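Notebook open, model loaded. I want to look up the fold, the core and the annotated spans, in that order.

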Amino acid sequence: MGPGGVADTLLSGACVLFTLGMFSTGLSDLRHMQMTRSVDSVQFLPFLTTDINNLSWLSYGVLKGDGTLIVVNAVGAVLQTLYILVYLHYSPQKRAVLLQTATLLGVLLMGYGYFWLLVPDQEAQLQQLGLFCSVFTISMYLSPLADLAKVIHTKSTQCLSFSLTIATLLTSSSWSLYGFRLKDPYIMVSRIQRG
């Protein structure tokens, strides 16, 4: 294995390690829900959108044949699904949770139908799916800007999770480098937004 091979392997490992670390920050919410037997102060939408995001990037990874994307997003989808199931178990508003989940899964399935049935060329599928994944990831990670506005307004960082902030910084940096190494603008651009 040449110097590029070792560097690529280390970078791939960093992406996996940092991303799984970022996904595992949800374990504290999981513990909170189990200990209190409630979903008080736990937001549902981040679990759901991250799950859909993982499933989209998993499809991109499979289409591209990228093992790093496949491993990270398969594990991420399993974790987010676990968080969703625990949330559903403790939520008093099961109908609303199921409706939101079904709606986003319906959108995901329509997207799969479009990419796999209506776009016959694999290169076109890769480009369009990459663009979809990037736009979805960027829009998903714009929502924490509301927390930033709250920090500025209250002059307090109490609403920010330090471990999530560090994990997000390390994750976005490693994925941006990974996308740059692969010359894949979809991986590179969408991950810059996480930081």
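I call a residue buried when its relative accessible area is under 20%, with a 1.4 Å probe and protein chains only as cover. I keep in mind that this is a predicted model.

Burial first. By that cut-off, 39% of the chain's 195 residues are buried.

Then the core. Which residues have the most contacts inside the largest nonpolar core? I find Met33, Phe47, Trp57, Tyr60, Tyr87, Trp175 and Ile187, in a core of 40 residues. The helices that each supply at least two of its residues include H1 (3–23), H2 (27–36), H3 (45–64), H5 (94–118) and H9 (185–192). H4 gives the largest share, 9 residues.

Last, the annotation. The unreviewed UniProt entry lists "transmembrane region" for residues 6–23, 69–90, 97–117, 129–148 and 160–178. I checked two of these spans in the model. Residues 6–23 are 100% helix and 0% strand, with the end C-alpha atoms 26 Å apart. Residues 97–117 also come out at 100% helix and 0% strand, and there the end C-alpha atoms lie 30 Å apart.

Definitions and conventions: Residues numbered from 1 in each chain as written. Predicted model: local features only at pLDDT ≥ 70, side-chain atom pairs only at ≥ 80, totals over all residues. Heavy atoms only, no water. Core = buried A, V, L, I, M, F, W, Y, C linked by side-chain atoms within 4.5 Å. Buried < 20%, exposed > 50% of the residue type's maximum accessible area, 1.4 Å probe, protein only. Helix = DSSP H or I, 4+ residues; strand = E, 2+ residues; numbered from the N terminus. UniProt positions renumbered as here; feature names shortened; annotations may be inferred.
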